[in-house]
Amino acid sequence: QVQLVESGGGLVQAGGSLRLSCAASGITSGFIFRFNSMGWYRQVPGKQRELVAVITRLGSTNYADSVKGRFTIFRDNAADTLYLQMNSMKPEDTSFYYCNAITQTNVHYWGQGTQVTVSL
């Protein structure tokens, strides 16, 4: 069974940086690139979960307009880990961040999430 475990959330001042990690287990070591895509989503209470960034199996990336130029999604296949580097953070980036993986048969996996808070 695939498990995704996020880490790296916390409190940061506006303008600062954080790096989120999503460690995948339950897969063949070094094979996270076989997921059809992996991504980061975020959600605040009372609002829908929104896509932040996604990386496809072939390595293409896509970002929400609100984070373009500030966030970078990348993965370390050997470490079975997905990352989200967040720079120039803004208070509106405050949210609960979730890691997502989609298999080639369209099965979705989610992590438990990690809280990110950006203070003024």
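This is a predicted model: local features need pLDDT of at least 70, side-chain atom pairs count only at pLDDT 80 or more; totals for chains, interfaces and linings use all residues.

Guide: Strand 3, which covers residues 18–25, is joined to strand 1 by five bridges, and the two run antiparallel. Within this pairing, Ser7 has Ser21 of strand 3 standing opposite. The pair belongs to an open sheet of four strands, whose order is 1-3-8-7 and whose pairing is antiparallel. Strand 1 (3–7) and strand 7 (71–76) are the edges of this sheet, and because each has a single partner strand, one side of each is left without a neighbour in the sheet. From one strand to the next, the twist averages 15 degrees.

A disulfide is a covalent bond between the sulfur atoms of two cysteines. Here the count is one disulfide, and the bond runs from Cys22 to Cys99, with an S to S distance of 2.0 Å, which is within the 2.5 Å cut-off. Since Cys22 lies in strand 3 and Cys99 in strand 9 (residues 95–102), the bond ties together parts that are 77 residues apart in sequence. The torsion about the S-S bond of Cys22 and Cys99 is about -75 degrees, and therefore the disulfide is left-handed. As for exposure, buried means under 20% relative accessible area, so Cys22, at 0% relative accessibility, counts as buried, and Cys99 is buried as well, with a relative accessible area of 0%.

Technical notes
Residues are numbered from 1 along each chain as its sequence is written. Side-chain values use heavy atoms; hydrogens and water are left out. Two strands pair if DSSP finds at least two bridges between them. Axes are lines fitted to C-alpha atoms, for helices over the stretch in contact, and angles run from 0 to 180 degrees between N-to-C directions. Buried means under 20% relative accessible area, exposed over 50%, partly exposed in between (1.4 Å probe, protein chains only).
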